[in-house]
Amino acid sequence: MSIDERLVARLHRRAHGGRWRVTPERFGRVLQASAGRVFAGRTPDARELERYLSSLHLEDLALACACASGDEPAWEHFVLVQRPLLYRAADALEPGGGARDLADSLYADLFGCGDHTGERQSLFRYFHGRSSLTTWLRAVLAQRHVDRLRAHRRLEALPEEESSSALRAPAGAAINPEQRRYSQLIQSALTDAVAVLPPRDRLRLACYYAQELTLAQTGRLLGESEATSSRQLARTRAALRTAVEHQLKGHGLGRDEIAECFASVSEDAGPLDLRLVLGDASAHSSVASPARKKSGADRSG
């Protein structure tokens with residue numbers, strides 16, 4: 001994807017790229033990478049491309065570019081500004097400081113190290129400027145926290161069959177012969193719908209449903225009020241349901257069968273686990289991957 005040199009120069013000036021010794025040529029490559037992610041599979045016209053590039057958090061993008069290349073003044077500025085914000089985000093995830101080690105561990109991946117070609121491989125290469133650098137870092141941190149919780153749960157022993165924590169099926173419960181198919185259809189449709197959500201909406205869902213944060217905690221993490229978090233969650237849920245219904249129609253389900261599908265999964269979700277749906281979507285999103293880490297946390301901003 002080619003970007004006009006005059007546009008690159010103009011955006012480079014707006015980003016104050018010279019402050020961090022980021023050349024217009026290097027900044028242009030970063031802009032190309034960001035546009036390539038968004039317009040994958042098609043070529044936008046000049047106006048659409050300029051509108052998108054102008055909407056980016058350009059100063060954050062220039063700073064990330066400089067940090068990725070190992071510029072010391074840029075790195076010192078980044079740590080000075082972002083460390084307190086990361087610690088606050090970590091404390092919101094796990095009050096008492098239990099998640100601060102995750103925040104500290106980010107710095108090594110952000111600084112990066114050389115691969116076999118000598119090219120520095122920094123986590124910053126997943127930041128594309130669509131969100132602010134602070135929001136993206138919070139998303140990376142939150143996804144690593146989810147990863148750690150999930151890994152811990154996999155290591156927990158199952159309860160003894162006779163213990164009070166063992167779940168038992170209700171006596172005489174009727175088995176819906178379509179349950180398995182409905183669950184698979186819902187999981188597939190929901191995974192696809194979550195994958196195309198904006199990164200901020202995915203993070204809000206993950207905080208509230210996967211990490212089980214309160215609305216107030218979710219709001220603090222995202223820098224918004226509790227009321228805004230509640231309103232945005234409601235909007236996202238409505239959008240997801242519409243998208244899932246549309247996909248179910250594409251599988252040939254009629255209105256009554258779609259209603260039965262939702263009702264069946266609501267009564268018994270079977271193998272459907274929203275935490276895994278959110279995790280998988282984050283891992284493959286542009287908010288996704290380095291730490292969805294290379295874990296999925298590399299959420300492209």
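Predicted model: local features only at pLDDT ≥ 70, side-chain atom pairs only at ≥ 80, totals over all residues.

Reader: Okay, so what kind of aromatic pair do W75 and Y107 form?

Author: An edge-to-face one: the ring centres of W75 and Y107 are 6.4 Å apart, with 85 degrees between the planes.

Reader: And which helices do W75 and Y107 lie in?

Author: W75 is in helix 5 (residues 72–93) and Y107 is in helix 6 (residues 100–111), so the pair ties together parts 32 residues apart in sequence.

Reader: Which residues do ring pairs link into a cluster with W75?

Author: The cluster joins W75 with F78, Y107, F111, F124, F127 and W136 through ring pairs.

Reader: How many aromatic pairs does the structure hold?

Author: Nine aromatic pairs. One of them is F39 with Y52, edge-to-face, at 5.5 Å centre to centre and 85 degrees between the planes. F39 sits in the loop between helix 2 (24–38) and helix 3 (46–54), while Y52 is in helix 3, 13 residues apart.

Reader: F39 and Y52, buried or exposed?

Author: Both F39 and Y52 are buried.

Reader: Switching to packing. Which residues touch the most other members in the largest nonpolar core?

Author: L31, L53, F78, F124 and W136, out of 56 residues in that core. As a general point, nonpolar side chains tend to be buried together in soluble globular proteins.

Reader: F124 again! What does F124 touch, leaving out residues up to four places away in sequence?

Author: F124 touches A64, C67, A68, W75, F78, L110, L133 and W136.

Reader: And the second core, what does it include?

Author: The second core is separate and has 21 residues, among them A189, A193, V244 and C261.

Reader: Let's zoom out. How many helices and strands are there in the chain?

Author: There are 13 helices and four strands.

Reader: What percentage of the residues is buried?

Author: Of the 301 residues in the chain, 45% are buried.

Reader: And the contacts? What share comes from residues 24 or more positions apart?

Author: Among contacts with a separation of 6 or more, 67% are between residues 24 or more positions apart.

Reader: Last one: what does the accessible surface of the chain come to?

Author: About 16,100 Å², and carbon and sulfur atoms account for 52% of that surface.

Conventions:
Residues numbered from 1 in each chain as written. Heavy atoms only, no water. Helix = DSSP H or I, 4+ residues; strand = E, 2+ residues; numbered from the N terminus. Buried < 20%, exposed > 50% of the residue type's maximum accessible area, 1.4 Å probe, protein only. Contact = heavy atoms within 4.5 Å. Areas by Shrake-Rupley, 256 points an atom, 1.4 Å probe, with all protein chains shown as cover. Phe/Tyr/Trp six-rings, centres within 6.5 Å; stacked < 30°, edge-to-face > 60°. Core = buried A, V, L, I, M, F, W, Y, C linked by side-chain atoms within 4.5 Å.
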